[in-house]
Amino acid sequence: MSTLRHLTALEPSYPSRLRKLSRPPSTITVQGGSLEAERTVAIVGSRAAHPDAAAFARHLAATLVRSGIVVVSG
């Protein structure tokens, strides 16, 4: 698993789509490669998710990433 990186809106690798928001996040945490992909999907869940649901979310995210889709989560 790759390490986590923290990016601020001032850094060149900060995603261009986020820069276009009226109130972009000042800092984001990134794991993996570039966020400049054509296809992205957000996976949103509960902090108190059932273990089976959390396992499914991990499986879903891994499958999407292997297909070249960027997975984001808030």
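This is a predicted model: local features need pLDDT of at least 70, side-chain atom pairs count only at pLDDT 80 or more; totals for chains, interfaces and linings use all residues.
Residues are numbered from 1 along each chain as its sequence is written, and side-chain values use heavy atoms, with hydrogens and water left out.

**Overall form and confidence**

- The C-alpha trace of the chain spans about 40 × 25 × 25 Å along its principal axes.
- Of the 74 residues in the chain, 14% are buried (buried means under 20% relative accessible area, exposed over 50%, and partly exposed in between, with a 1.4 Å probe and protein chains only).
- The average pLDDT of the chain is 88, and 96% of the residues score at least 70 (pLDDT is the predictor's confidence in each residue, from 0 to 100).
- Confidence is highest in helix 2, at a mean of 93, and lowest in strand 4, at 87.

**Strands 1 and 2**

- Strand 1 (residues 4–8) and strand 2 run antiparallel and are joined by five bridges (two strands pair if DSSP finds at least two bridges between them).
- One of the residues to look at is threonine 27, in strand 2, which is the bridge partner of threonine 8.
- Threonine 27 counts as partly exposed because its relative accessibility is 42%.
- The C-alpha atoms of threonine 27 and alanine 9 are 6.3 Å apart, although 18 residues separate them along the chain.
- In a regular strand the side chains alternate between the two faces of the sheet.

- Helix 2 has 16 residues, so at 1.5 Å a residue it should span 22 Å, which agrees with the 23 Å between its end C-alpha atoms (the expected span is 1.5 Å times one less than the number of residues).
- Arginine 58 sits in helix 2 and counts as exposed because its relative accessibility is 56%.
- From arginine 58 to isoleucine 43, 15 residues apart along the chain, the C-alpha separation is 9.7 Å.
- Just after helix 2, glycine 68 takes a positive phi of about 90 degrees.

**Leucine 21**

- Leucine 21 lies in the loop between helix 1 and strand 2, and at 44% relative accessibility it counts as partly exposed.
- Leucine 21 and threonine 63 are 42 residues apart along the chain, with 28 Å between their C-alpha atoms.

**The largest pocket**

- The largest pocket holds about 1,400 Å³ of space (on a 1 Å grid over the protein atoms alone, a pocket is an open set of points where a 1.4 Å probe fits, with protein on both sides within 12 Å along at least five of seven lines; the volume is the space filled by probe spheres set on the points).
- Its lining has 37 residues, and Gln31, Ala61, Val71, Val72 and Ser73 lie nearest the centre (lining residues have an atom within 4 Å of a point).
- Two or more lining residues come from each of helix 1 (16–19), strand 2 (27–31), helix 2 (51–66) and strand 4 (70–72).
- Helix 2 gives the largest share of the lining, seven residues.
- By class, the lining has 21 nonpolar, 12 polar and four charged residues (Ala, Val, Leu, Ile, Met, Phe, Trp, Tyr, Cys and Pro count as nonpolar, Asp, Glu, Lys and Arg as charged, and the others, Gly among them, as polar).

Definitions and conventions:
Helices (H or I, at least four residues) and strands (E, at least two) are DSSP runs, numbered from the N terminus.
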